[in-house]
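Subject: Structure handover

Hello,

Here is the structure for you to open. My notes follow below it.

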Amino acid sequence: MVFLIDFDNTLSNNDDLKDELKDALDSVLGKEETQQFWLFHDEFRGHEKLVEFPFIIRDYCKKVYTETWETKLTEIFNNIKVKDCLYTKAVEVLTHLKSLGKVYIFTEGDLDFQKAKVNKSGLEKYVDGVYVFDYKMEKFKYIIDLLNDKITIYIDDKTYNLEQAKEAVPTVKTVWVRQGYYKDVLAINPDNIDKIVNSLDELLTHDFS
Ligand SMILES: [Mg+2]
């Protein structure tokens, strides 16, 4: 068996992570400058379509720290305490899955931010690998072909991703972890979801055979 498991809102709680990100901004930029950042943030959100947090922070750093923006950005990302944002059973679940087969974290987002996040989560040592893409579902079939295993189980909190996975590779088994922000976004075609669990913890007792 091979498990692909999502990171945001599946292994880590993104609301907590946003709070940590705000704290990181405070500690790196200082209270006064953080206020400037929030003004920039609000203005940015008014104009741009892409409103992802890491992207706004990157843009802010580029504008204010023209020469040293990369260092500043890294400093902010490095100050986020990702470990505190993991769901309590995250390590236990990964260890359990690992006893059943190979396990890969399969995640997406701003590449630098996402890599830093997974790295700081400390979860890498519990899995066989980590795949990070800008848009992961575009690479789903490629990854499945690469892993070349008989049974692949894909675990995610977004039905949208699970449906795309099933459409790309019909033999994949999909598990919806119905928690966090997307827990009420139902699948368009319920047949695309093989199993629903109401929290990450439930994977500990689920019979995958
Ligand atoms: Mg997710």
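A term you will need at once: two strands pair if DSSP finds at least two bridges between them. Helices (H or I, at least four residues) and strands (E, at least two) are DSSP runs, numbered from the N terminus.

Next, the ground rules. This is a predicted model, in which local features need pLDDT of at least 70, side-chain atom pairs count only at pLDDT 80 or more, and totals for chains, interfaces and linings use all residues. Residues are numbered from 1 along each chain as its sequence is written.

Six strands form an open sheet in the order 3-2-1-4-5-6, with parallel pairing. Strand 3 (129-133) and strand 6 (195-197) are at the edges; each has a single partner strand, so one side of each has no neighbour in the sheet. From one strand to the next, the twist averages 20°. Axes here are lines fitted to C-alpha atoms, for helices over the stretch in contact, and angles run from 0 to 180 degrees between N-to-C directions.

Now the pairs. Strand 1 and strand 4 run parallel and share four bridges. I5 has I155 as its bridge partner in strand 4. Strand 1 also pairs with strand 2, again in the parallel sense, over four bridges. There, V2 has K102 as its bridge partner, and I5 stands opposite I105. Strand 2 and strand 3 are parallel too, with five bridges. I105 faces V130 in strand 3. Strand 5 and strand 6 pair in parallel over three bridges. W176 is opposite I196 in strand 6.

In a regular strand, the side chains alternate between the two faces of the sheet. Strand 1 is covered on both faces: V2 and L4 on one side, F3 and I5 on the other, are all buried. Buried means that 20 or more other C-beta atoms lie within 10 Å of the residue's own; exposed means 12 or fewer, partly exposed is in between, and C-beta atoms are placed from the backbone.

**The cores**

A nonpolar core is a set of buried Ala, Val, Leu, Ile, Met, Phe, Trp, Tyr and Cys residues joined through C-beta atoms within 7 Å. The largest has 30 residues, and F3, I5, Y154 and I155 touch the most other members. At least two residues each come from strand 1 (2-5), helix 4 (90-98), strand 2 (102-108), helix 6 (140-147), strand 4 (152-156), helix 7 (159-168) and strand 5 (173-177). Another core, of 15 residues, lies apart from it; L25, F37, C85 and F113 are among its members.

Contact means that the C-beta atoms of two residues, placed from the backbone, lie within 7 Å. Residues up to four places away in sequence aside, Y154 touches L4, L162, A165, V172, T174 and V175.

V103 is in strand 2. With residues up to four places away left out, V103 touches F3, I5, L94, L97, K98, V127 and D128. S209 is 106 residues from V103 along the chain, and their C-alpha atoms are separated by 16 Å.

**Helix 3 and helix 5**

Helix 5 (residues 111-121) lies across strand 2 and strand 3 and runs at about 155° to strand 3. F77 belongs to helix 3 (residues 69-78). F77 counts as buried because 24 C-beta neighbours lie inside 10 Å. Beyond its neighbours within four places in sequence, F77 is in contact with D112, F113 and A116. F77 and K117 are 40 residues apart in sequence, yet 7.7 Å apart in space, C-alpha to C-alpha.

N9 sits in the loop between strand 1 and helix 1 (14-47). Its phi is near 70°, a positive value in a residue other than glycine. Most residues other than glycine have a negative phi. N9 counts as buried, with 21 C-beta neighbours inside 10 Å.

**The domains**

Domain bounds come from an automatic or database domain assignment. That assignment gives domain 1 (2-13 + 83-204) and domain 2 (15-82). Their centres, taken over C-alpha atoms, are 27 Å apart. Where they meet, 13 residues of domain 1 are in contact with 12 residues of domain 2. On the domain 1 side, three of the touching residues are nonpolar, four polar and six charged.

Best wishes

Methods. Nonpolar A, V, L, I, M, F, W, Y, C, P; charged D, E, K, R; others polar.
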